[in-house]
Amino acid sequence: MSWYNEAVFYHIYPLGLTGAPKQNEYGEPVHRLNTLLPWIDHIKEIGCTALYIGPLFESVGHGYETTDYRKLDSRLGDNKDLKNFVAACHEKGIKVIFDGVFNHTGRDFFAFKDIQEKRQNSPYVNWYCNVNFSGNTEYNDGFSYENWGGYNLLVKLNQRNPDVQNYICDVIRFWVSEFDVDGIRLDAADVLDFDFMKQLRRTAEEVKPDFWLMGEVIHGDYSRWVNGSTLHSVTNYALHKALYSGHNDHNYFEIAHTVKYLLNMGDLDLYNFVDNHDVERIYTKLSNKAHFAPVHVLLYTLPGVPSIYYGSEFGIEGKKERTSDDSLRPALNLADYADAVEKNPCTALVAALGKVRQNTPALNYGSYAELMLTNRQYAFARDLDGVRVIITVNNDDNAASMDLAAGNAAEYVGTLTGEKVSVENGRIHVTVAGNSGNIWVPAGDMPEYKPVEINVKMPEAADKTTEEDKAEQAKEEAAATVAEQKQNAVPASHAQETAANADSMNETVAAAANSSDNTVNTSEKTADDTETSTTAATEPASGKSVVTVVWSKSPEDMTVEELQAGILAKMANNGPVTDQMKKTVYDNIWHDSLVNWLKSFH
């Protein structure tokens, strides 16, 4: 057991929260980080026990184009400010992890500037990937190089170079000795070299007991990254997607099947979230704002480590824009939310959940057991050492009754409402209000909780008759049943997949194409290495042209469009490809990330 197994995280993007300028002029330090000191008490008040803050170190713009790994960004202050900030967090019992941007540097990083000056004679030429003095970029350096995400502003480090490995490991040692940091969130971990991550893990075990490495991974079998040799945890984007779309679609089957899919990967203790600095705010994503409550009940009770992104506890909006993430990273004045825990139902709920999480070990360490599942109601248990905690959620506008298998207790109490129910014949019968949830714990051993307003915001009255409502719900239930049958017919984990032969691939993908009336041409090798063509699903309405995937090509040699088409084909082999799944694929335009995603199917 380590501190991070019991943590509730708060996530701050400091350049945004402090209102720092978008561009760094590398001038005298401006001590904006100190303005975040009052937030520490707020973080503690809402029940968070750890802080993920970053990026922090000197950079030219958004923070992920690092200029100096050993210097706090001058727009935020100086190293003394950061040291004092971490110490203030520790005084309040809050652990701190930094952003570690080790996949790439900015162009102002000393090694890259040395190459600009000395060209082939620079000792740092091999610090970066594929430096080519016969090429060029839009910056007219007289050489080209591998970048991250298609941006030449971000120069990809050669993580297999021992000098680079040693340098980054020394940076980690410096962060611990200078700032007493407790862990690192590794940016773009899904494209980091695995041997490099193993070196980082060895360094983590050297510098500090329970030093935590958490990686940013979008898709794939998370157990490839989370194990005894590489990372302790990764970002749980699979659950993130399921939590909001499962409510928007009134489909708890999606969430429950995602949980099973993740559990099949092993006991990974993933980093759970509903929004962050790269995705839209949960309050914006939800079609029904009242679903804020059941979404967060699930965030705090499903297996994994929960995290709240700054400001989302207040129920603020944040819509992702095509050319800017500024709306996701706003400057906020804490004084504007001084009474939020008492007066803002979103904040009150998050604070109550934080308290429940801290006082309920089963939510940190307990096993998971599904108790009830329909498209609009969901119940499960977390069991630990003979103690059963029961979680109930309801995404319908109307109250719902549930009869559930209880643990070895005479009475249960709903921690969010204070309601008590007796155990009869080993079961409890509870009623869950519309668009809400509850956490039921054995009465007597747990602290008393102050009831909170669970119905965060009721939706506008729907202009439907009762019969129309019944018809819609029946349709949803039928679709959910079909989805469940198809989910159960395929392996739950990517690790269980085997390479599909050409005939089965043809049948499955063609069926998906027929059901969606969309086409993408793909090719896959048969056992005797002859190519076969198949048809997979895409959206002609999006204006995307038909793409042929030649499976004899390595993923690294495929274009972004070929990778997207290949991923959709692999998805179709597992079951129906929904519009949301297609959108998720097409929204990912990063070549390296797509390569890793496609590889995860093998």
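Angles under 35 degrees count as roughly parallel, over 145 as roughly antiparallel, 65 to 115 as roughly perpendicular, and the rest as oblique.

First, the ground rules. This is a predicted model, where local features need pLDDT of at least 70 and side-chain atom pairs count only at pLDDT 80 or more, while totals for chains, interfaces and linings use all residues. Residues are numbered from 1 along each chain as its sequence is written, and side-chain values use heavy atoms, leaving out hydrogens and water.

Now the pair. Helix H10 covers residues 292-301, and helix H12 covers residues 345-358. Their axes come within 10 Å and cross at roughly 20°. H10 and H12 are therefore roughly parallel to each other.

Who meets whom? On the H10 side, the residues include Phe292, His296 and Tyr300. On the H12 side, they include Leu349, Leu353 and Arg357. Contact here means heavy atoms within 4.5 Å. The residues of this contact divide into 8 nonpolar, 3 polar and 1 charged. Ala, Val, Leu, Ile, Met, Phe, Trp, Tyr, Cys and Pro count as nonpolar, Asp, Glu, Lys and Arg as charged, and the others, Gly among them, as polar.

Stay in H10 for Thr301. Is Thr301 buried or exposed? Buried, with a relative accessible area of 0%. Buried means under 20%, exposed over 50%, partly exposed in between, with a 1.4 Å probe and protein chains only. Among the residues Thr301 touches are Arg357, Phe380 and Ile439.

Last, helix H3, residues 79-91. Its buried residues include Leu82, Phe85 and Val86. Just after H3, Gly93 takes a positive phi of about 80°.

Notes
Helices (H or I, at least four residues) and strands (E, at least two) are DSSP runs, numbered from the N terminus. The expected span of a helix is 1.5 Å times one less than its number of residues. Axes are lines fitted to C-alpha atoms, for helices over the stretch in contact, and angles run from 0 to 180 degrees between N-to-C directions. Lists of a residue's contacts leave out its neighbours within four places in sequence.
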